[in-house]
Amino acid sequence: MKRARGFTLIEVLAALVVLAIALGAVLSGMARYADTAHHLRMRTLAMWVAQNQLGVVLSQPQWPEECKRDDTAEMGGFEWEWETTVQATQDERLRRIDIVVSDAEGDNRYAQLSTFMRNPGGAR
């Protein structure tokens with residue numbers, strides 16, 4: 001009587017275990033990639049909101065007064081909260097402008113932008 005050729009049950013189970021571990025690692029990596037891509041998208045959109053708000057401040061014809069303002073903006077299908085702070089510096093010809101952008105719930109701060117603005121009509 002000839003013996004049938006093929007895989008034993010143990011060999012098949014071992015192959016399935018190896019395949020299951022490999023697929024688990026692939027799925028975990030793909031989930032991590034999706035989370036990272038979403039986070040980068042949110043940071044990019046938040047930075048655009050911050051740059052828009054900076055453009056608003058810089059385009060004003062008058063020298064910005066020291067203040068703190070906040071509001072919401074829509075960008076990329078998401079609602080964003082932004083806060084602009086204008087502060088005096090040691091040099092009276094400069095103002096520091098800080099803009100912070102968070103998600104609508106205020107839980108995650110996605111972007112922060114800081115710059116300095118020179119008084120065009122100030123003393124030298």
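**Reading a helix across a sheet**

Q: Which strands does helix α1 lie across?
A: Helices (H or I, at least four residues) and strands (E, at least two) are DSSP runs, numbered from the N terminus. Here helix α1 (residues 9-58) lies across β1, β2 (78-88), β3 and β4, and runs at about 25° to β4. Axes are lines fitted to C-alpha atoms, for helices over the stretch in contact, with angles from 0 to 180 degrees between N-to-C directions.
A: This is a predicted model, in which local features need pLDDT of at least 70 and side-chain atom pairs count only at pLDDT 80 or more, while totals for chains, interfaces and linings use all residues. Residues are numbered from 1 along each chain as its sequence is written, and side-chain values use heavy atoms, with hydrogens and water left out.

Q: Which residues of α1 are buried?
A: Buried means under 20% relative accessible area, exposed over 50%, partly exposed in between (1.4 Å probe, protein chains only). In α1 the buried residues are Met42, Leu45, Ala46, Val49, Ala50, Gln53, Leu54 and Val57. They pack against β1, β2, β3 and β4, where contact means heavy atoms within 4.5 Å.

Q: What is the order of the strands in the sheet?
A: Two strands pair if DSSP finds at least two bridges between them. The open sheet has four strands in the order β1-β2-β3-β4, with antiparallel pairing. β1 (67-75) and β4 are the edge strands, each with a single partner, so one side of each has no neighbour in the sheet. From one strand to the next the twist averages 20°.

Q: How many bridges join β3 and β4?
A: Strand β3 (residues 94-103) pairs with strand β4 (residues 109-118) in the antiparallel sense over nine bridges. Arginine 95 is opposite methionine 117 in β4, and valine 101 has alanine 111 in β4 as its bridge partner. The hairpin of β3 and β4 has five residues between the strands, and glycine 106 there takes a positive phi near 80°.

Q: How many aromatic pairs does a search of the whole structure find?
A: Rings of Phe, Tyr and Trp (its six-membered ring) pair if their centres lie within 6.5 Å; planes under 30 degrees apart count as stacked, over 60 as edge-to-face and the rest as tilted. The search finds two pairs. The ring centres of tryptophan 80 and tyrosine 110 are 5.8 Å apart with planes at 85°, so this pair is edge-to-face. Tryptophan 80 belongs to strand β2 and tyrosine 110 to strand β4, so the pair ties together parts 30 residues apart in sequence. Both tryptophan 80 and tyrosine 110 are buried. Ring pairs link Phe78, Trp80 and Tyr110 into a cluster.
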